[in-house]
Amino acid sequence: MTQTVETFITRWQGQEGGQERANYALFLTELCDLLGLAHADPASATTEGNDYVF
C-alpha cells in the first residue's frame with residue numbers, strides 16, 4: 001500500500017473509543033510501510049529471538 005503522509009494522518013486522526021489495542025499492530029505496520037521500514041517479525045517462544053516483534 002502506497003500512501004502519503006497526509007493520507008496516513010487522515011486515516012488515523014481522530015480515532016476514539018478505546019480501539020487502540022485492537023488497531024496498534026495495523027497502525028505500526030502501515031507506519032513502517034510509510035517510512036520504508038521492515039515489518040515486525042513473528043514472535044517466538046524463546047525471547048532471545050524476539051528483537052523486533054509485536
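Student: What share of the contacts in the chain with a separation of 6 or more comes from residues 24 or more positions apart?

Tutor: Such residues account for 29% of those contacts. Keep in mind that this is a predicted model.

Student: Why are α1 and α2 called roughly antiparallel?

Tutor: Their axes cross at roughly 170 degrees. Angles over 145 degrees count as roughly antiparallel, and α1 and α2 are therefore roughly antiparallel to each other. The two axes come within 11 Å.

Student: Which residues make the contact of α1 with α2?

Tutor: On the α1 side they are Val-5, Phe-8, Arg-11 and Trp-12. On the α2 side they are Asn-23, Leu-26, Phe-27, Glu-30, Leu-31 and Leu-34.

Student: How do the residues of this contact divide into nonpolar, polar and charged?

Tutor: Seven are nonpolar, one is polar and two are charged.

Student: Why does Leu-34 count as partly exposed?

Tutor: Leu-34 is found in helix α2 and has 23% relative accessibility. Buried means under 20% and exposed means over 50%. The value for Leu-34 falls in between, so Leu-34 counts as partly exposed.

Student: What does Leu-34 touch, not counting residues up to four places away in sequence?

Tutor: Leu-34 touches Gln-3, Thr-4, Val-5 and Phe-8. The C-alpha atoms of Leu-34 and Val-5 are separated by 7.2 Å, although the two are 29 residues apart along the chain.

Student: Why is Val-5 called partly exposed?

Tutor: Val-5, in helix α1, has a relative accessible area of 45%.

Student: What makes Arg-21 exposed?

Tutor: Arg-21 lies in helix α2, and its relative accessible area is 77%. The cut-off for exposed is over 50%, so Arg-21 is exposed. From C-alpha to C-alpha, Arg-21 and His-39 are 18 Å apart, and they are 18 residues apart in sequence.

Student: How do the radius of gyration of the chain and that of a compact globule of 54 residues compare?

Tutor: The chain has 13 Å, while a compact globule of 54 residues would have a value near 10 Å. The C-alpha atoms fill a box of roughly 40 × 30 × 15 Å along the principal axes.

Student: What part of the chain counts as buried?

Tutor: Of the 54 residues, 11% count as buried. The accessible surface of the chain is about 4400 Å², and carbon and sulfur atoms hold 57% of it.

How values were computed
Residues are numbered from 1 along each chain as its sequence is written. This is a predicted model: local features need pLDDT of at least 70, side-chain atom pairs count only at pLDDT 80 or more; totals for chains, interfaces and linings use all residues. Side-chain values use heavy atoms; hydrogens and water are left out. Axes are lines fitted to C-alpha atoms, for helices over the stretch in contact, and angles run from 0 to 180 degrees between N-to-C directions. Helices (H or I, at least four residues) and strands (E, at least two) are DSSP runs, numbered from the N terminus. Angles under 35 degrees count as roughly parallel, over 145 as roughly antiparallel, 65 to 115 as roughly perpendicular and the rest as oblique. Contact means heavy atoms within 4.5 Å. Ala, Val, Leu, Ile, Met, Phe, Trp, Tyr, Cys and Pro count as nonpolar, Asp, Glu, Lys and Arg as charged, and the others, Gly among them, as polar. The radius of gyration is taken over C-alpha atoms; the globule rule is 2.2 Å times the number of residues to the power 0.38. Buried means under 20% relative accessible area, exposed over 50%, partly exposed in between (1.4 Å probe, protein chains only). Accessible areas come from the Shrake-Rupley method with a 1.4 Å probe; for residues, only the protein chains shown count as cover.
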